[in-house]
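Subject: Structure handover

Hello,

Here is the structure you asked about. Please open it next to this email, and then read on for what was found.

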Amino acid sequence: FLYFFLFFLDLMGSSFKVLGGCTAGAMFEGLSNPIAGLMVGILATVLVQSSSTSTSIVVSLVGADAMSVPVAIPVIMGANI
């Protein structure tokens, strides 16, 4: 099961690279404020009703270089509230 999880996590990261291209990082420029990142994490978790799903999406975005690690930390913290 761990193999499938890692495989699909890599697949999701590759998909974000293909779909987002170079402009995907521009969406997350406004999240440099940690409070905004926290609120986005909370909102994403409320919308998908799963903190694991929203955390996996953020990890995939970081892996695809669409979001930086300092921006992703408050988003993941918001997802786990």
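A66 counts as buried, because its relative accessibility is 10%. (Buried means under 20% relative accessible area, exposed means over 50%, and partly exposed is in between, with a 1.4 Å probe and protein chains only.) A66 sits in the loop between α3 and α4. G13 is 53 residues from A66 in sequence, and their C-alpha atoms are 9.4 Å apart in space.

Some ground rules. This is a predicted model, in which local features need pLDDT of at least 70, side-chain atom pairs count only at pLDDT 80 or more, and totals for chains, interfaces and linings use all residues. Residues are numbered from 1 along each chain as its sequence is written, and side-chain values use heavy atoms, with hydrogens and water left out.

The overall picture

The protein chain has 4 helices and 0 strands. Along the sequence the pattern reads α-α-α-α. (Helices are DSSP runs of H or I with at least four residues, strands are runs of E with at least two, and numbering starts at the N terminus.) The protein chain has 81 residues, and 28% of them count as buried. Take the contacts between residues at least 6 apart in sequence: 72% of these join residues at least 24 apart. (Contact means heavy atoms within 4.5 Å.)

The core

Which residues form the largest nonpolar core? There are 9: F28, L31, V58, L61, A66, M67, V71, A72 and V75. (A nonpolar core is a set of buried Ala, Val, Leu, Ile, Met, Phe, Trp, Tyr and Cys residues joined through side-chain atoms within 4.5 Å.) Two elements, α3 and α4 (69-79), each give two or more residues to this core. α4 gives the most, with 3 residues. V71 touches F28 and L31, leaving out residues up to four places away in sequence.

How the helices pack

Two packed helices are described by the angle between their axes and the distance between the axes. (Axes are lines fitted to C-alpha atoms, for helices over the stretch in contact, and angles run from 0 to 180 degrees between N-to-C directions.) Angles under 35 degrees count as roughly parallel, over 145 as roughly antiparallel, 65 to 115 as roughly perpendicular, and the rest as oblique.

Start with α3 and α4. They pack at an angle of about 175°, with their axes 9 Å apart. α3 is therefore roughly antiparallel to α4. On the α3 side, the contact uses S51, S54, T55, V58, V59 and V62; on the α4 side, V69, A72, V75, I76 and A79. By class, that contact of α3 with α4 has 8 nonpolar, 3 polar and no charged residues. (Ala, Val, Leu, Ile, Met, Phe, Trp, Tyr, Cys and Pro count as nonpolar, Asp, Glu, Lys and Arg as charged, and the others, Gly among them, as polar.)

Next, α2 and α4. Their angle is about 40°, and their axes are 6 Å apart. α2 is therefore oblique to α4. α2 passes α4 in a right-handed crossing. (A crossing is left-handed if the near helix is turned anticlockwise from the far one by less than a right angle, and right-handed if clockwise.) α2 brings P34, G37, L38, G41, I42 and T45 to the contact, and α4 brings P74, V75, M77, G78 and A79. The contact of α2 with α4 has 7 nonpolar, 4 polar and no charged residues.

Last, helix α2 (residues 34-48) and helix α3 (residues 51-63). Their axes come within 8 Å and cross at roughly 125°. α2 and α3 are therefore oblique to each other. This crossing of α2 past α3 is also right-handed. A44, T45 and V48 of α2 meet S51, T53 and S54 of α3. The contact of α2 with α3 holds 2 nonpolar, 4 polar and no charged residues.

Residues to look at

S60 lies in helix α3. It is buried, with a relative accessible area of 3%. S60 and G13 are 47 residues apart in sequence, yet 4.4 Å apart in space, C-alpha to C-alpha.

T55 is in helix α3 as well. T55 is buried, with a relative accessible area of 18%. Leaving aside neighbours within four places in sequence, T55 is in contact with I76, A79 and N80.

Is Q49 buried or exposed? Q49 counts as exposed, at 66% relative accessibility. Its place is in the loop between α2 and α3. Phi of Q49 is near 60°, a positive value in a residue other than glycine.

Best wishes
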